[in-house]
Amino acid sequence: MGSLRGITVAVLVVQALLASVALVSAQGSSNRSRWQTLNGDVPFVIARGGFSGMFSDSSPAAYRLALLTGPTNVILWCDVQLSKDAAGICFPDLKLDNNSDITTVFPNKQKTYLVNGVATKGWFSVDYTLKDIGNVILNQGVFSRSNKFDGNNYPIMTVADTYTLLKPPGFWLNIQHNAFYAQHNLSMRNFVISLTRNVTVTVDYISSPEVAFLRSIAARFQRSTTKLVFRFLELDTVEPSTNLTYGSLLKNLTFVKTFASGIIVPKSYVWPVDSNLYLQPSTSVVLDAHKEGLEVFASDFTNDVPFSFNYSYDPVAEYLQFVDNGKFSVDGVISDFPITPSAAINCFAHLGRNASKQVDLLVISKNGASGDYPGCTDQAYTKAIQDGVDVIDCPVQMTKDGTPICLGSINLIDSTDVAQSSFSNLSKTIPEIMQGSGIFTFDMSWRDILSLTTAISSPQSEYKLFRNPKFKNVGKFLTLSEFLAMAKSASSLQGVLIAIENAAYLAEQGFGVTDAVFDALSEAGYDKQTAQKVMIQSSNSSVLMKFKGKSNYKLVYKVDEDIGGAQQASIDDIKSFASAVVISKDSVFPENNAFLTGVTDVVPRLQAANLSVYVHTFSNEFTSQAWDFFSDATVEVNSFHVGGLINGVITDFPETSDRWNRCLNKGDNTPGYMSPVQPGSLLQLVTAEYLPPAEAPNPYLTEADIAESPLPPVAAKTPTSSPSGAAPSPTSPNGQPKVAASVIVPPMAVLLAFCLLF
């Protein structure tokens, strides 16, 4: 097509992206119990348009990334379209305008054609010769995905070029619109037969939603290794050659078996969801097809489109539902993000709850399993324990009657319906605690707080990603004593983490939060036992100094801002009163516009001082992760531990991190997709015109950021409910005076070892 040089450059660039990944065969599950597929084989991973969740569908970069991150038998999917001169190209749709720049190359060339009886406008492949198409560049056709790679000028490839350039272990041709091309005097049948006669191209699968097309080529492939697969569309859609709905054809799989060896079904055919996106019982389609000797391939898998709430925004959990449910397994999955099913199938399937943890990574909850239930409720803590969390946390707040309770925020508006209750008149502004107004725990009694309705937190709601709406108001808040009793009865727990903030302000209002914590721990017997460790966390050194020397509790200092480094004096200061540090994800791998820019030296320098490093907050929603992690929370956790060498994660979805820790250390069989991403490498694939504006580096942590005056004595309570009238000096969000950190450019982040080849 006159663009092979561009193709070669694209391939080399993506090779550089994952140059550090030594890919090997993923054999984690293949040697376990027999799979419940048709023939007992490991399910296939089919990469739709390559790794189209990251790069332009059907681009050389997308295909190469799929080969690098998938299993050794990954199958590349090509949607075949025909040009005006009958050349076959790989492109996701018969209209070229959504996934390319054709509207710029050929403006005012829009046409209207009937497609399956529907008048459709666009730029169609049938109006352009292969030479014309050679001037067209691919771009990202899904608007929720990054367009930052569109400047790489990825060409549209012919079907033959795609195979000969990449030589994939498996090659799948999908023929979606044979009838349309026939209307334009183009024969898809002739193209397919001609291609398969080419000794340099091996086609493993050919699929189509058109019965007539598959029947027309069935005899040709009867003695061939190429398999024909019938693709089902929506149940009420009419198949054009039989005039039957796909729902009707699904009831006659015996007929399908006469011209196909397998079927593709939308994943909803197997596990339907209701109107609220909750799973319904599975259908019998997989078992029915297997009885007829048909393989079943499930489609429509993506990491960045909301799926059933039952999966808690974890795409690995969704794949496991299709391949490891104890009843059946599909024979393959068709995905835009092939790295995820590769891990699900070859590493996490058949693990079981008794699989041992492989590395020393502490999984600490954030308000319990607050991704599934309202935070700090009995339901959230119970779910966290069930999900394998190592440490459950209690952010301690004080009530008006002096009861220490577990609540993620001192502001009740964040976790209850208090703003819609009869207590809404208690709203006030306290600059020492937060900007804006709130309704605070210390202004309400424990009894009154219990009367409120709990509310789940949805931190990604701006992207319309809401958490578990069916259970958004369930659960009961706990006192600190109740929390400790629950933890003590859970033999699987390694310990508890008690977080204390705003202690200075509370003391001035007559609430001794540190004393309340001491008392509750003592009453629960935690000062006299060693079965579970106790961690006391605060962003105030004055709070941790209060505990120093008075117990064997582990003291954890929380850095309450993103940092690009830490001065040695600040590290020494932390070491004098704490044994662990909590930092943000951005303090390990800095981001710019959701792209990792490199790696800091914060973790190794803290660890060199014998300080454990825990990182927050790991969530499952893909919008909470950098693009580099492929919209997969498991990839993110893996990269932070294996690449960032952190000691623990703080997460609102403990199950994801716990499951990750059970698929490691397989010796020579360690799968390549468990290698960490290379921070900054993806950003290097963005061309200059698409680069986001440079951002100032995060500040260094200084000794002045840490030093604080001792906590004030607890004042006698007064009947007034208004805060002190004196205007305080500038404070940090935790209420303690602090000196602003100086801005010092950090050392050069670790960059990719390969030069870009544009």
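In this predicted model, helices α7 and α8 pass each other in a right-handed crossing. Helix α7 spans residues 188-196 and helix α8 spans residues 211-218, and the two pack at an angle of about 40° with their axes 10 Å apart. The two helices are therefore oblique to each other, given that an angle counts as roughly parallel under 35 degrees and as roughly perpendicular from 65 to 115. On the side of α7 the contact is made by Met188, Arg189 and Val192, and on the side of α8 by Phe213, Ser216 and Ile217.

Helix α13 contributes Pro315, Val316, Tyr319, Leu320 and Val323 to the contact, while α14 contributes Thr340, Pro341, Ala344, Ile345 and Phe348.

The surroundings of α14 extend beyond this one partner. Ten of the ten residues of the helix are buried, so α14 is largely enclosed by the rest of the structure. The buried residues include Ile339, Ser342, Ala343, Asn346 and Cys347, and the buried residues of α14 pack against strands β1 (44-48) and β13 as well as helices α2 (60-69), α13, α23 and α24 (654-660). After α14 comes His350, whose phi is positive, near 65°.

Between α13 (315-323) and β13 (332-335) runs a loop that holds Ser329. This serine is buried, with a relative accessible area of 0%. Leaving aside residues up to four places away in sequence, Ser329 touches Trp35, Gln36, Thr37 and Pro43, together with Val286, His290, Phe322 and Val323. One of these neighbours, Val323, also belongs to the residues through which α13 meets α14.

In one of them, the rings of Tyr163 and Phe171 have their centres 5.4 Å apart and their planes at 50°, so the pair is tilted. Both partners are buried, Tyr163 with a relative accessible area of 11% and Phe171 with a relative accessible area of 0%. Tyr205 and Phe297 form an edge-to-face pair, in which the centres are separated by 5.5 Å and the planes by 75°. Because Tyr205 lies in strand β7 (residues 205-208) and Phe297 in strand β12 (residues 295-301), this pair ties together parts that are 92 residues apart in sequence. Tyr205 and Phe297 are both buried. Elsewhere, ring pairs link Phe230, Phe232, Tyr246, Phe255, Phe259 and Tyr269 into a cluster.

Aromatic rings also face the charged ends of lysine side chains. The charged end of Lys470 sits over the ring of Tyr278, at 4.2 Å from its centre, and the charged end of Lys585 sits over the ring of Phe618, at 5.5 Å from its centre. Phe618 falls within strand β26, which covers residues 612-618 and also contains Thr617. A cis peptide bond joins Thr617 to His616, with omega at about -15°. Such a bond stands out because most peptide bonds are trans, just as most residues other than glycine have a negative phi.

Ser631, although not a glycine, has a positive phi of about 55°; the residue is placed in the loop between β26 and α23 (633-643). Ser631 is buried, with a relative accessible area of 8%. Ala86 likewise is not a glycine and has a positive phi of about 70°, and its place is in the loop between β2 (75-82) and β3 (88-90). Ala86 is partly exposed, with a relative accessible area of 42%.

Technical notes. Residues numbered from 1 in each chain as written. Predicted model: local features only at pLDDT ≥ 70, side-chain atom pairs only at ≥ 80, totals over all residues. Heavy atoms only, no water. Phe/Tyr/Trp six-rings, centres within 6.5 Å; stacked < 30°, edge-to-face > 60°. Buried < 20%, exposed > 50% of the residue type's maximum accessible area, 1.4 Å probe, protein only. Helix = DSSP H or I, 4+ residues; strand = E, 2+ residues; numbered from the N terminus. Lys NZ or Arg CZ within 6 Å of the ring centre and 35° of its normal. Contact = heavy atoms within 4.5 Å. Axes fitted to C-alpha atoms, helices over the stretch in contact; angles between N-to-C directions. Parallel < 35°, antiparallel > 145°, perpendicular 65-115°, else oblique. Left-handed = near helix turned anticlockwise from the far one by under 90°.
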